[in-house]
Structures are given as C-alpha cells and as structure tokens.
Amino acid sequence: MKTLLMGVAVATLAFAGTAQAHFQLLYTPNVTLDAPEELDLKLVFGHPMENGHVMDMGEPEAFNVHFKGKTEDLLPTLKPVTWQGAHNEAKAYEAAYKVRRNGDYIFTLTPAPYYEKGEDIYIQQITKSFVNKAGLPTGWNEPVGLPTEIVPLTKPYQAYVGGTFTGQVLSEGKPAAGIECEIEYINPAIDLEANAFSKDASGPTPGSAMVAITDDNGMFTFGIPRAGTWGFACLGSGPDTEHEGKELSQDAVLWINATEFK
Ligand SMILES: [Cu+2]
C-alpha cells in the first residue's frame, strides 16, 4: 500500500497570508463510551489550533448520524447557540444525542457555505466525527456517501500518540489524488456549559500549516505527535466548485481522538 508520510510542510503559495486554517468542529468530549450516554455535540466554525476568531455558521444543510448502515436525520435536534471564542463570538449549533446500542456512530455535518470576505470565496467543510460504544466496531471504515469525505483506515476514535492515522479522501465515491489536507488539533479548552473556548491555549503551534497531500489513491498518513482531538481538512476535494457565482472550496473534514498509549 502506497502512502505518504509528511511532517511539517512549508506553507505553499495557496496559503500565503493565511497562517490559520479554518476547521468545522463537530465535537463531543467522550468518544469511547462504556455505558449509554447522552452526547453533548457542539458544531462550531473556527481556527482551533491558533485559538483564532470564530465564524458565524448558517443553517446547516444536513446533520446525520449513521449507525449499522442506517442514517438518522438529526437536523431537527439542532439548537442555535452563541459560541464564545478567544477573540469574538459567533453563531454555532449544539445537539444532544442519546447513545444506547453498542457500535460505531458516525456523525456527519454539511454546513451552509460560508462566505470568506478575505478571499472572496465560499467555504463548505463537510465534516465527520466518530463515537463508539463498548469497543464493538460496526463500520467506522465504511464511506457514508457524502459528496466528499475522508474514510479512515485507522480507527478514528482510538488513535495513539506515536502512531499514525491514514485516511482516504473520496469525491463522489472516487479517490481524490493530489489534495492538500491541513492538520490541526483543538488547542483551547472547551467549556461545554458556557459554549466557549478558553482564552489561553497553551499547546504548541507549528511555524506554518501542517499539510499532507493525498497520493494517487487519495490516501494520506499523518504521525500523531500529541494527545488530543486532531482534525484533517482536505481542501477543495468536493465536486461542487461554485456557489452563488463565486468560487466554492468544498472540503472534507474528519476528527480523530488520540491518547497516550499507557
Ligand atoms: Cu480563517
């Protein structure tokens, strides 16, 4: 199997002037459950590694959970909230979801396209997050049929520091080659009660964006240097390239949870 293993890459021209990367969060704190639990899901658009500004989300186009091949529409469960970032506040969403049965829960969010004034483009980050109950695997490695998505080839809710994560980027179900995937972790603490990022974020940040590029089979691999919630944003991997007469970057985002192996 051919994979690329890339460390810190020098920012390319595409990112000149943008030191921070946008990431659509689809966050819940505990992703490996032993017992039934009501999940607190937070949907926030921001710059998690630099703890930068947060952006207003529009009403999402889709929000689903996939469990054992069945899809459940969670849009009606979304509640608008105001998210307090380190520097500003923005419109975000939250939802509660009760996990009862054992297995893999794949949450997927298709947000409304976001207009980025600085670049005069729209951004739509189609996002996946995973929760497992009782250690029973039931399809975390299966695509769920999004316009673009990252399919994990490493268990996304049980990654280890010093290990690697491999994903395959798909566009309309086919491998997407030569796609730049930006990599970040959630640096600030998250206050679930207050819907807020902490003001200070003491974790390290790299000198420039961490990037991996997909190979001919749409695959990328990243060595995980630190415990936490890590995100991959594969830019412009989706089939849609225009929204309301402007350029659209339709990205695939996936979140994993990494812990120390001990
Ligand atoms: Cu930004």
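Colleague: How many helices and strands are there in the chain?

Modeller: This is a predicted model, and its chain holds 0 helices and 22 strands. The radius of gyration is 17 Å, close to the 18 Å that the globule rule gives for 262 residues, so the chain is as compact as a globular protein of that length. Along its principal axes, the C-alpha trace spans about 50 × 45 × 40 Å.

Colleague: What share of the contacts in the chain with a separation of 6 or more comes from residues 24 or more positions apart?

Modeller: Such residues account for 69% of those contacts. As for burial, 52% of the 262 residues count as buried.

Colleague: Is His47 buried or exposed?

Modeller: A residue counts as buried under 20% relative accessible area. His47 is buried because its relative accessibility is 4%. His22, with a relative accessible area of 15%, is buried as well.

Colleague: Where is the place of Ser249, and why does Ser249 count as buried?

Modeller: Ser249 belongs to strand β22, which covers residues 246–259. Ser249 counts as buried because its relative accessible area is 14%. Leaving aside residues up to four places away in sequence, Ser249 touches Ile121, Tyr122, Ile123, Gln124, Leu235 and Gly236.

Note on methods. Residues numbered from 1 in each chain as written. Predicted model: local features only at pLDDT ≥ 70, side-chain atom pairs only at ≥ 80, totals over all residues. Heavy atoms only, no water. Helix = DSSP H or I, 4+ residues; strand = E, 2+ residues; numbered from the N terminus. Buried < 20%, exposed > 50% of the residue type's maximum accessible area, 1.4 Å probe, protein only. Contact = heavy atoms within 4.5 Å. Rg over C-alpha atoms; globule rule 2.2 N^0.38 Å.
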